[in-house]
Amino acid sequence: MKHFISILMMIYLVYSGALAQENYIPTAENLKNREEFQDMKFGVFIHWGIYSMMADGEWIMNNKNLNYKEYALLAQGFYPSAFDAAKWVSDVKASGAKYICITSRHHDGFSMFGTKQSPYNIVDATPFKRDIIKELAEECHKQGIKLHFYYSILDWSRDDYFPIGRSGRGVGRTNKGEWKTYHNFMLNQLTELLTNYGEIGAIWFDGMWDQPEDFDWKLREIYDHIHSIQPGCLIINNHHLAPIEGEDGQTFEKDLPGQNQSGYSSTATVGKLPLETCETMNHTWGYSITDKDYKSEKELIHYLVKAAGNNANLLMNVGPRPNGEFPDIAIERYLAIGRWLNEYGESIYGTRGGIIEPRDWGVTTQKGNKIYVHILNLEDDALYLPIQGKMIASVKQFIDGKPIKFTTSEKGILLNLNSKPDAIDYVLEIDMK
Ligand code: GLC
């Protein structure tokens, strides 16, 4: 009997020990940052690297099967003479965005920061020699913009990214390598990113889909490493799956949470962590000289509003030119979003998805006792909302406070709008009792 009890005890200890290791407990600072992250609602994604010189997106090395050694020589011609971190950050501010997420190292393996882990980086391998991440970080801290780092977990240039994954198979790498050194390389680079550039809002991983589902990335070790250096830093991973233990946010690529228009989100059930959706302004992430098919101001504003109504942030991408400038159309679009946010920001920043689920006509956002009704597409001059009339103190137009008449029925209210709304976003404010 004694023997049996001690076996039970042992099973319990092993089991509870394993659980203790499994459960990630975010710090108070991390939880606070999650709230602040959700309050920001809008961020700018920047895809920039030596691929920008070929002006055909960030996947060109893979898409054209460029030899990795030949591709690496591009670095010797990278001299972004117009790069001005202060201008980038002030354009981002003018867009109303509150954070930047920039590619510190993309799948091509080139580091856009001064890393000591490999000479294949902007300081050591280009005539430019400037650490653009350092300049950007300083400017972000100065102008009050949060900085997030995109970090590719896959690599098309290193021999120790082995086994080779689904992509980058035709770039000429050797067929052997030690994963352990790649893993350590990543840990060391993350140490640099989290110690040399001040406070970092988030590390945003990408590329896990490159390996089979059961591949062991030793993610937890990577995540714990990040949190041991900056416990408040959020970990977001664009793995297209439900959140994994140790993460602090969930991102959706080219999809609103719960949708799957892009084909990337079929396995991504919406979890309980702060949500983000990332999208391109045209069709490419990295600079493309031919892709001029930019979304209109209205489409972009609608996407931002829909993201907010789905309780998510929007991370809207720009692919800077090889000389370091944002394309003119991208700046125009960012400024248009900024003008709109100047007027309507109160109904977006600091809100959460509203009590009414997103509808075909639009979405609702909510802050304290206020509900903002964002009417984006309505064919009629009246709108039914399933909110009990007795809970409502007033309904008014957000822009000028003009009262909106409504009638109550058993389960909701019918707003009388007088005419069919034609604003980009006709916003109403409901004050709840
Ligand atoms: C995809 C692409 C990558 C891009 C990312 C942004 O995962 O592979 O190029 O950086 O989406 O969400």
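G286 is buried, with a relative accessible area of 2%; buried here means under 20% relative accessible area, exposed means over 50%, and partly exposed lies in between (1.4 Å probe, protein chains only). This glycine is found in the loop between β7 (275–279) and α10. Helices (H or I, at least four residues) and strands (E, at least two) are DSSP runs, numbered from the N terminus. Leaving aside neighbours within four places in sequence, G286 is in contact with H47, Y51, G57, E58 and G319, where contact means heavy atoms within 4.5 Å. G286 and M53 are 233 residues apart in sequence, yet their C-alpha atoms are 9.9 Å apart in space.

A few words on the model itself. It is predicted: local features need pLDDT of at least 70, side-chain atom pairs count only at pLDDT 80 or more, and totals for chains, interfaces and linings use all residues. Residues are numbered from 1 along each chain as its sequence is written, and side-chain values use heavy atoms, with hydrogens and water left out.

## The nonpolar cores

A nonpolar core is a set of buried Ala, Val, Leu, Ile, Met, Phe, Trp, Tyr and Cys residues joined through side-chain atoms within 4.5 Å. The largest one has 93 residues, and I100, I102, I203 and F205 touch the most other members. Helix α8 (residues 179–195) gives the most to this core, with eight residues. Apart from it lies another core, of 19 residues, including I387, I413, L415 and L417.

If you click on F205, you will find that it touches Y151, I153, L190, I222, Y223, I226, I235, I236, N237 and N238, not counting residues up to four places away in sequence.

Helix α8 has 17 residues and reaches 24 Å from its first C-alpha to its last, close to the 24 Å expected at 1.5 Å a residue; the expected span is 1.5 Å times one less than the number of residues. Among the buried residues of α8 are W179, F185, L190 and L194. The buried residues of α8 pack against β2 (99–105), β3, β4 (202–206) and α9 (219–229).

After α10 comes N311, whose phi is positive, near 65°.

G309 also turns up in the surroundings of G354, which is in contact with G309, T364, T365 and Q366, leaving aside neighbours within four places in sequence. G354 sits in the loop between β9 (352–353) and β10 (362–367), and it counts as buried because its relative accessibility is 12%.

## Cavities and a pocket

On a 1 Å grid over the protein atoms alone, a cavity is a set of points where a 1.4 Å probe fits but cannot get out, and a pocket is an open set with protein on both sides within 12 Å along at least five of seven lines; lining residues have an atom within 4 Å of a point. Grid points are joined across faces, edges and corners, and a volume is the space filled by probe spheres set on the points. The structure holds two cavities of 30 Å³ or more.

| Space | Volume | Lining by class |
|---|---|---|
| Largest cavity | about 80 Å³ | three nonpolar, four polar, three charged |
| Second largest cavity | about 30 Å³ | four nonpolar, four polar, two charged |
| Largest pocket | about 640 Å³ | 15 nonpolar, eleven polar, eight charged |

In these classes, Ala, Val, Leu, Ile, Met, Phe, Trp, Tyr, Cys and Pro count as nonpolar, Asp, Glu, Lys and Arg as charged, and the others, Gly among them, as polar.

Helix α2 gives the most to the lining of the largest cavity, with four residues. The lining of the second largest cavity includes W48, Y51, R105 and D108. The largest pocket is lined by 34 residues, and those closest to its centre are M208, W209, N238, H239 and H240.

## Backbone points worth a look

Most residues other than glycine have a negative phi, and most peptide bonds are trans. K41 has a positive phi, near 65°, and lies in the loop between α2 and β1 (42–46). At 1% relative accessibility, K41 counts as buried. K129 has a positive phi of about 60°, but at 55% relative accessibility it counts as exposed. The peptide bond from F162 to P163 is cis, with omega near 10°, and P163 is in the loop between β3 and α8.
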